[in-house]
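Subject: Handing over the model

Hello,

I am passing this structure on to you. Please open it first, then read my notes below.

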Amino acid sequence: MTRRGNRWGLVAAVAALPTLLLIWLGVAVVRFMTSDYPLGGAPEQVSCDEALAFGGAALPDGAYDTDCTVQTWLDTDYRVSFRMPRAGVADWLSRTYPGQQSRTEFCAEGADLCLRLDSDAHPPPAGAGANAVTVDVTYESAGTAQVRFSAFTV
(Lines give C-alpha, C1' and ligand atoms only; values in the text may rest on other atoms or scores of the structure.)
Protein backbone atom coordinates (compact mmCIF):
# COMPACT_ATOMS: atom_id res chain seq x y z
CA MET A 1 0.00 0.00 0.00
CA THR A 2 2.83 2.39 0.76
CA ARG A 3 4.43 1.88 -2.59
CA ARG A 4 1.17 2.52 -4.42
CA GLY A 5 0.47 5.67 -2.33
CA ASN A 6 3.93 7.05 -3.16
CA ARG A 7 3.33 6.45 -6.86
CA TRP A 8 0.03 8.40 -6.82
CA GLY A 9 1.71 11.23 -4.89
CA LEU A 10 4.41 11.46 -7.57
CA VAL A 11 1.81 11.40 -10.36
CA ALA A 12 -0.20 14.15 -8.59
CA ALA A 13 2.94 16.31 -8.18
CA VAL A 14 3.91 15.92 -11.84
CA ALA A 15 0.34 16.66 -12.96
CA ALA A 16 0.19 19.80 -10.75
CA LEU A 17 3.40 21.29 -12.21
CA PRO A 18 1.90 22.43 -15.56
CA THR A 19 -1.08 23.91 -13.72
CA LEU A 20 1.21 25.90 -11.40
CA LEU A 21 3.29 27.09 -14.34
CA LEU A 22 0.13 28.19 -16.17
CA ILE A 23 -1.06 30.14 -13.11
CA TRP A 24 2.38 31.80 -12.76
CA LEU A 25 2.34 32.74 -16.46
CA GLY A 26 -1.18 34.20 -16.12
CA VAL A 27 -0.13 36.36 -13.16
CA ALA A 28 2.97 37.56 -15.07
CA VAL A 29 0.88 38.52 -18.13
CA VAL A 30 -1.67 40.41 -16.01
CA ARG A 31 1.12 42.24 -14.16
CA PHE A 32 2.82 43.15 -17.44
CA MET A 33 -0.39 44.48 -18.98
CA THR A 34 -1.53 46.50 -15.94
CA SER A 35 1.75 48.01 -14.70
CA ASP A 36 3.34 51.22 -15.97
CA TYR A 37 6.72 49.69 -15.14
CA PRO A 38 6.35 45.91 -15.53
CA LEU A 39 10.09 45.30 -15.71
CA GLY A 40 10.91 47.56 -12.78
CA GLY A 41 12.50 51.00 -12.79
CA ALA A 42 9.63 53.11 -11.47
CA PRO A 43 10.60 56.68 -10.50
CA GLU A 44 11.74 57.11 -6.89
CA GLN A 45 12.11 60.29 -4.84
CA VAL A 46 15.73 61.31 -4.17
CA SER A 47 17.48 64.31 -2.68
CA CYS A 48 17.75 67.25 -5.04
CA ASP A 49 21.45 67.55 -4.21
CA GLU A 50 22.02 64.02 -5.55
CA ALA A 51 19.89 64.58 -8.65
CA LEU A 52 21.48 67.88 -9.63
CA ALA A 53 25.03 66.71 -8.85
CA PHE A 54 24.58 63.85 -11.35
CA GLY A 55 24.35 66.58 -14.02
CA GLY A 56 27.07 68.79 -12.53
CA ALA A 57 24.69 71.33 -10.96
CA ALA A 58 23.49 72.50 -7.56
CA LEU A 59 20.18 73.94 -6.41
CA PRO A 60 20.24 77.72 -6.89
CA ASP A 61 19.66 80.16 -4.06
CA GLY A 62 16.00 80.99 -3.71
CA ALA A 63 14.77 77.71 -5.23
CA TYR A 64 11.52 76.32 -3.84
CA ASP A 65 8.73 73.88 -4.70
CA THR A 66 11.29 71.18 -5.51
CA ASP A 67 10.54 67.70 -6.81
CA CYS A 68 13.44 65.34 -7.51
CA THR A 69 13.27 61.75 -8.80
CA VAL A 70 15.48 59.06 -10.27
CA GLN A 71 14.44 56.28 -12.61
CA THR A 72 16.85 53.44 -13.31
CA TRP A 73 16.62 50.33 -15.38
CA LEU A 74 18.92 50.15 -18.39
CA ASP A 75 19.85 53.83 -18.04
CA THR A 76 19.75 56.33 -15.20
CA ASP A 77 17.51 59.39 -15.47
CA TYR A 78 17.38 62.06 -12.78
CA ARG A 79 14.60 64.65 -13.08
CA VAL A 80 14.31 67.83 -11.07
CA SER A 81 11.60 70.46 -11.10
CA PHE A 82 11.75 73.66 -9.06
CA ARG A 83 10.77 77.30 -9.08
CA MET A 84 13.15 80.18 -8.56
CA PRO A 85 13.28 83.95 -8.99
CA ARG A 86 13.18 84.70 -12.70
CA ALA A 87 15.96 87.29 -12.42
CA GLY A 88 18.44 84.64 -11.23
CA VAL A 89 17.96 82.05 -13.98
CA ALA A 90 20.56 83.32 -16.47
CA ASP A 91 23.15 83.82 -13.72
CA TRP A 92 22.54 80.32 -12.31
CA LEU A 93 22.92 78.74 -15.76
CA SER A 94 26.13 80.65 -16.58
CA ARG A 95 27.69 79.84 -13.17
CA THR A 96 26.65 76.19 -13.37
CA TYR A 97 27.70 75.62 -16.98
CA PRO A 98 30.35 78.22 -17.86
CA GLY A 99 30.96 78.63 -21.57
CA GLN A 100 27.67 76.96 -22.52
CA GLN A 101 25.05 78.98 -24.33
CA SER A 102 21.40 78.84 -23.30
CA ARG A 103 18.96 79.54 -26.11
CA THR A 104 15.38 80.39 -26.86
CA GLU A 105 14.91 78.25 -29.95
CA PHE A 106 14.59 74.46 -30.30
CA CYS A 107 13.42 74.19 -26.69
CA ALA A 108 10.75 71.84 -25.38
CA GLU A 109 7.21 72.99 -26.08
CA GLY A 110 6.25 75.80 -23.71
CA ALA A 111 9.82 76.51 -22.56
CA ASP A 112 11.09 80.07 -22.88
CA LEU A 113 14.78 79.23 -22.41
CA CYS A 114 16.75 75.99 -22.59
CA LEU A 115 20.20 74.45 -22.41
CA ARG A 116 21.25 71.14 -23.99
CA LEU A 117 24.50 69.40 -23.11
CA ASP A 118 24.49 66.20 -25.11
CA SER A 119 27.27 66.15 -27.65
CA ASP A 120 31.05 66.22 -27.97
CA ALA A 121 30.86 69.95 -28.70
CA HIS A 122 28.63 70.60 -25.66
CA PRO A 123 29.23 67.86 -23.07
CA PRO A 124 28.16 67.87 -19.42
CA PRO A 125 30.88 69.12 -17.05
CA ALA A 126 33.79 66.87 -16.08
CA GLY A 127 32.91 64.75 -13.08
CA ALA A 128 29.19 64.63 -13.83
CA GLY A 129 27.77 61.12 -14.02
CA ALA A 130 25.39 62.03 -16.83
CA ASN A 131 26.01 61.69 -20.55
CA ALA A 132 23.45 64.40 -21.26
CA VAL A 133 21.78 67.27 -19.43
CA THR A 134 18.69 69.24 -20.45
CA VAL A 135 17.39 72.36 -18.74
CA ASP A 136 14.04 73.88 -19.74
CA VAL A 137 12.92 77.16 -18.18
CA THR A 138 9.36 78.47 -18.33
CA TYR A 139 8.68 82.03 -17.20
CA GLU A 140 5.48 81.77 -15.18
CA SER A 141 5.26 85.42 -14.19
CA ALA A 142 7.36 88.58 -14.10
CA GLY A 143 9.13 87.27 -10.99
CA THR A 144 8.95 83.45 -11.19
CA ALA A 145 10.53 80.81 -13.40
CA GLN A 146 9.92 77.08 -13.36
CA VAL A 147 13.00 75.02 -14.13
CA ARG A 148 12.86 71.43 -15.39
CA PHE A 149 16.23 69.70 -15.24
CA SER A 150 17.10 66.24 -16.51
CA ALA A 151 20.45 64.47 -16.30
CA PHE A 152 20.71 60.99 -17.78
CA THR A 153 22.90 58.28 -19.24
CA VAL A 154 22.43 56.99 -22.77
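Arg116 and Asp136 form a salt bridge, with their closest N and O atoms 2.8 Å apart. (A salt bridge here is a side-chain nitrogen of Lys or Arg within 4 Å of a carboxyl oxygen of Asp or Glu.) This pair links distant parts of the chain: Arg116 sits in strand S4 (residues 113-117) and Asp136 in strand S5 (residues 132-139), 20 residues apart. Helices (H or I, at least four residues) and strands (E, at least two) are DSSP runs, numbered from the N terminus. Arg116 is buried at 18% relative accessibility. Asp136 is buried too, with a relative accessible area of 13%. Buried means under 20% relative accessible area, exposed over 50%, and partly exposed in between (1.4 Å probe, protein chains only).

Some ground rules. This is a predicted model, where local features need pLDDT of at least 70, side-chain atom pairs count only at pLDDT 80 or more, and totals for chains, interfaces and linings use all residues. Residues are numbered from 1 along each chain as its sequence is written, and side-chain values use heavy atoms, with hydrogens and water left out.

**Other salt bridges**

How many salt bridges does a search of the whole structure find? It finds 5. Asp77 and Arg79 make one of them, at 3.0 Å from N to O. Asp77 is buried, with a relative accessible area of 16%. Arg79 is partly exposed at 47%.

Arg95 pairs with Asp91, and their closest N and O atoms are 2.5 Å apart. Both residues belong to helix H3 (residues 89-96); they are 4 residues apart, so about one helical turn separates them. Arg95 is exposed, with a relative accessible area of 52%. Asp91 is partly exposed at 41%.

Asp65 lies in strand S2 (residues 64-72). It is partly exposed, at 48% relative accessibility.

**Backbone**

Most residues other than glycine have a negative phi. Asp65 is not a glycine, yet has a positive phi of about 55°. Phe106 also has a positive phi, near 60°. Phe106 lies in the loop between H3 and S4. It is exposed, with a relative accessible area of 68%.

**The sheet**

In what order do the strands of the open sheet run? The order is S1-S2-S3-S6-S5-S4, 6 strands with antiparallel pairing. Two strands pair if DSSP finds at least two bridges between them. Strand S1 (44-45) and S4 stand at the edges with a single partner strand each, so one side of each has no neighbour in the sheet. S3 and S6 run antiparallel and are joined by 9 bridges. Met84 stands opposite Ala145 in S6.

H3 lies across S3, S4, S5 and S6, and runs at about 140° to S3. (Axes are lines fitted to C-alpha atoms, for helices over the stretch in contact; angles run from 0 to 180 degrees between N-to-C directions. Contact means heavy atoms within 4.5 Å.)

**The core**

The largest nonpolar core has 27 residues, of which Trp92, Val133, Val135 and Phe149 touch the most other members. Such a core is a set of buried Ala, Val, Leu, Ile, Met, Phe, Trp, Tyr and Cys residues joined through side-chain atoms within 4.5 Å. Helix H2 (48-54), S2, strand S3 (76-85), H3, S4, S5 and strand S6 (144-152) each supply at least two residues of this core.

Leaving aside neighbours within four places in sequence, the contacts of Phe149 include Ala51, Leu52, Tyr78, Val133 and Thr134. Thr134 lies in strand S5. It is buried at 16%.

**Aromatic pairs**

The count of aromatic pairs comes to 2. Rings of Phe, Tyr and Trp (its six-membered ring) pair if their centres lie within 6.5 Å; planes under 30 degrees apart count as stacked, over 60 as edge-to-face and the rest as tilted. The Phe54 and Tyr78 rings have centres 4.8 Å apart and planes at 45°, so that pair is tilted. Phe54 is in helix H2 and Tyr78 in strand S3, so the pair ties together parts 24 residues apart in sequence.

The Phe82 and Trp92 rings have centres 5.7 Å apart and planes at 90°, so that pair is edge-to-face. Phe82 is in strand S3 and Trp92 in helix H3, 10 residues apart. Phe82 is buried at 0% relative accessibility, and Trp92 is buried at 2%.

Best wishes
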